[in-house]
Amino acid sequence: MAKTTTVTNGNNEVKTITSRPQLTNSMAFYLGPGSKAQGLHRDDQCHHTRHPAKYETDIGIMFAGTRSHRANGATNVVPGSNHWDDHRKPRADEAVPAELEKGDALIWLGSTYHGAGFNSTENEYRLLLAAFMTPGWCRQDENQYLAYPKEVVDGYPANVGQLLGY
């Protein structure tokens with residue numbers, strides 16, 4: 001997701017500008033019994049990305065904190081939908097539940113249609129821990145500067161601070 005551009009100014013000086021990936025948001029998805037299904041959607045809609053995308057503006061990863069399966073609301077993913085144009089909408093029968101064991105991860109592009117499933121169990125909770133990245137030239141969904149004060153980030157390794165946008 002890093003983008004590098006080389007430019008020449010009026011004095012024939014060559015500059016290389018790099019925009020590194022940054023954390024756009026992170027969250028936990030805790031679905032309890034009876035939780036409704038989420039509509040199929042693309043995460044890159046906040047960046048007004050046109051499809052098929054020439055470049056990705058979002059990538060997500062979810063780690064399973066518990067077993068995730070169809071009955072407890074596994075995330076439904078529409079394989080190949082990242083290649084579709086903006087007029088092609090997904091049908092429910094095209095979605096596949098991403099069943100994960102505790103510790104497994106699901107990675108998807110922001111242009112891929114997906115959404116949480118319906119939790120039809122009576123006593124089972126599904127926990128997924130997620131982080132979403134965006135290129136440095138895109139606006140973050142959450143202001144990481146407010147979530148992680150500079151004094152705190154100064155104690156982190158430099159690459160973690162960069163990932164947060166510092």
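Is Glu94 buried or exposed? At 17% relative accessibility, Glu94 counts as buried, where buried means under 20% relative accessible area, exposed means over 50%, and partly exposed is whatever falls in between (1.4 Å probe, protein chains only). Keep in mind that this is a predicted model: local features need pLDDT of at least 70, side-chain atom pairs count only at pLDDT 80 or more, and totals for chains, interfaces and linings use all residues. Residues are numbered from 1 along each chain as its sequence is written, and side-chain values use heavy atoms, with hydrogens and water left out.

**The chain as a whole**

- You get 3 helices and 9 strands here; these are DSSP runs numbered from the N terminus, with helices being H or I of at least four residues and strands being E of at least two.
- Reading from the N terminus, the order is β-β-β-β-β-β-β-β-β-α-α-α.
- Along the principal axes, the C-alpha atoms fill a box of roughly 70 × 45 × 25 Å.
- The chain has 166 residues, and 37% of them count as buried.

**A three-stranded sheet**

- An open sheet is built from 3 strands in the order S6-S5-S8, with antiparallel pairing; two strands pair if DSSP finds at least two bridges between them.
- At the edges sit strand S6 (96–97) and strand S8 (114–115), each of which pairs on one side only.
- Strand S5 (residues 76–77) pairs with S6 in the antiparallel sense over 2 bridges.
- In that pairing, Asn76 stands opposite Pro97 in S6.

**Charges and salt bridges**

- The chain carries 16 positive and 18 negative charges, and their mean positions are 4 Å apart.
- For that count, Lys and Arg are positive and Asp and Glu negative, while His and the chain ends are not counted; the place of a charge is NZ of Lys, CZ of Arg, CG of Asp or CD of Glu.
- Searching the whole structure turns up 7 salt bridges, each being a side-chain nitrogen of Lys or Arg within 4 Å of a carboxyl oxygen of Asp or Glu.
- One of them joins Asp86 to Arg50, with the closest N and O atoms 3.7 Å apart.
- Asp86 lies in the loop between S5 and S6, and Arg50 in the loop between strand S3 (22–31) and strand S4 (59–64), so this pair ties together parts that are 36 residues apart in sequence.
- Asp86 is partly exposed at 23% relative accessible area, while Arg50 counts as exposed at 63%.
- Then there's a network of salt bridges linking Arg88, Arg91, Asp93 and Glu94.
- Within it, Arg88 bridges to Glu94 with the closest N and O atoms 2.4 Å apart; Arg88 is partly exposed, at 29%.
- Asp93 bridges to Arg91 with the closest N and O atoms 3.0 Å apart; Asp93 is exposed at 60%, and Arg91 is partly exposed at 46%.

- Most residues other than glycine have a negative phi, and most peptide bonds are trans.
- His48 has a positive phi of about 55° although it is not a glycine.
- His48 lies in the loop between S3 and S4, and is exposed with a relative accessible area of 65%.
- Pro52 lies in the loop between S3 and S4 too, and the peptide bond leading from His51 to Pro52 is cis, with omega near 0°.

**Two more residues to look up**

- Ser68, found in the loop between S4 and S5, counts as buried at 2% relative accessibility.
- Not counting residues up to four places away in sequence, Ser68 touches Ala74, Thr75, Ala98, Glu99, Leu100, Arg126 and Leu128.
- Ile59 is found in strand S4 and counts as partly exposed, at 27% relative accessibility.
- Ile59 and Pro33 are 26 residues apart along the chain, and their C-alpha atoms are separated by 28 Å.

Methods
Contact means heavy atoms within 4.5 Å.
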